[in-house]
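Student: I have a new model open and I would like to learn how to read it. Could you walk me through it?

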Amino acid sequence: MDTQSAQTETVIPRLILLLLGIILLLLSSLVGVYLYRVSDPYIQNVLAIEGDPQRGHAIFEINCAGCHGVYGDGNVGPSLQHISKRRSDVVLIQQVISGETPPMPKFQPNPQDMADLLQYLKTL
């Protein structure tokens with residue numbers, strides 16, 4: 001066996017291990033972020049409350065419809081139709097309260113109002 005073949009045989013397994021290590025690191029980071037969000041006391045409180053979609057609709061009309069449309073079908077902001085099929089409850093709550101996606105403002109309703117809004121979003 002020549003030197004180049006021997007080097008190739010040792011490089012490939014090392015690259016595979018490196019790639020697997022990077023993938024594992026990314027997955028553990030994502031899990032860590034999710035667990036951090038889930039452990040947030042505000043989010044836990046919201047998830048423990050039964051929301052009222054009718055109250056949530058009123059909250060939506062006052063705070064969200066201007067950008068997301070009266071029926072959540074988009075306007076200035078994106079459509080929220082079927083949003084609960086694309087995003088988890090935790091992610092939806094985080095999106096509403098974070099203010100991390102301008103021009104959406106940071107908005108932290110009391111936990112009951114957030115639970116109501118979350119239930120309404122599930123009807124879209």
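Student: Let's begin with D116. Which residues does D116 touch, not counting residues up to four places away in sequence?

Tutor: A contact here means heavy atoms within 4.5 Å. By that rule, and leaving out residues up to four places away in sequence, D116 touches E50, G51, D52, P53, R55, G56 and I59. Before we go on, note that this is a predicted model, in which local features need pLDDT of at least 70 and side-chain atom pairs count only at pLDDT 80 or more, while totals for chains, interfaces and linings use all residues. Residues are numbered from 1 along each chain as its sequence is written, and side-chain values use heavy atoms, with hydrogens and water left out.

Student: Is D116 buried or exposed?

Tutor: Buried means under 20% relative accessible area, exposed means over 50%, and partly exposed lies in between, using a 1.4 Å probe and protein chains only. D116 has 0% relative accessibility, so it counts as buried. Its place is in helix α7.

Student: Which other residues of α7 are buried?

Tutor: The buried residues of α7 are D113, M114, A115, D116, L117, L118, Y120 and L121. That is eight of the eleven residues, so the helix is largely enclosed by the rest of the structure. Its buried residues pack against α2, α3, α5 and α6.

Student: How should I read a nonpolar core?

Tutor: In soluble globular proteins, nonpolar side chains tend to be buried together. A nonpolar core is a set of buried Ala, Val, Leu, Ile, Met, Phe, Trp, Tyr and Cys residues joined through side-chain atoms within 4.5 Å. The largest one here has 21 residues, of which Y42, F60, I93, M114, L117 and L121 touch the most other members. The elements giving two or more residues to this core are α2 (41-48), α3 (53-63), α6 and α7. The largest share, six residues, comes from α7. M114, for instance, is in contact with Y42, V46, I93, V96 and P109, leaving aside its neighbours within four places in sequence.

Student: Which residues of α6 are buried?

Tutor: They are V90, L92, I93, Q94, V96, I97 and S98. With seven of its ten residues buried, α6 is largely enclosed by the rest of the structure.

Student: What does a positive phi tell me?

Tutor: Most residues other than glycine have a negative phi. H82 has a positive value, near 60°, and is a residue other than glycine. H82 is found in the loop between α4 and α5 (83-86) and is partly exposed, with a relative accessible area of 42%. G99, which follows α6, also has a positive phi, near 70°.

Student: Last topic: how do I read a pocket?

Tutor: On a 1 Å grid over the protein atoms alone, a pocket is an open set of points where a 1.4 Å probe fits, with protein on both sides within 12 Å along at least five of seven lines; lining residues have an atom within 4 Å of a point. Grid points are joined across faces, edges and corners, and a volume is the space filled by probe spheres set on the points. The largest pocket has a volume of about 570 Å³. Its lining has 22 residues, with H68, P78, L80, Q95 and M104 nearest its centre. Helices α4 (65-68), α6 (89-98) and α7 (111-121) each supply at least two lining residues, and the largest share, four residues, comes from α6.
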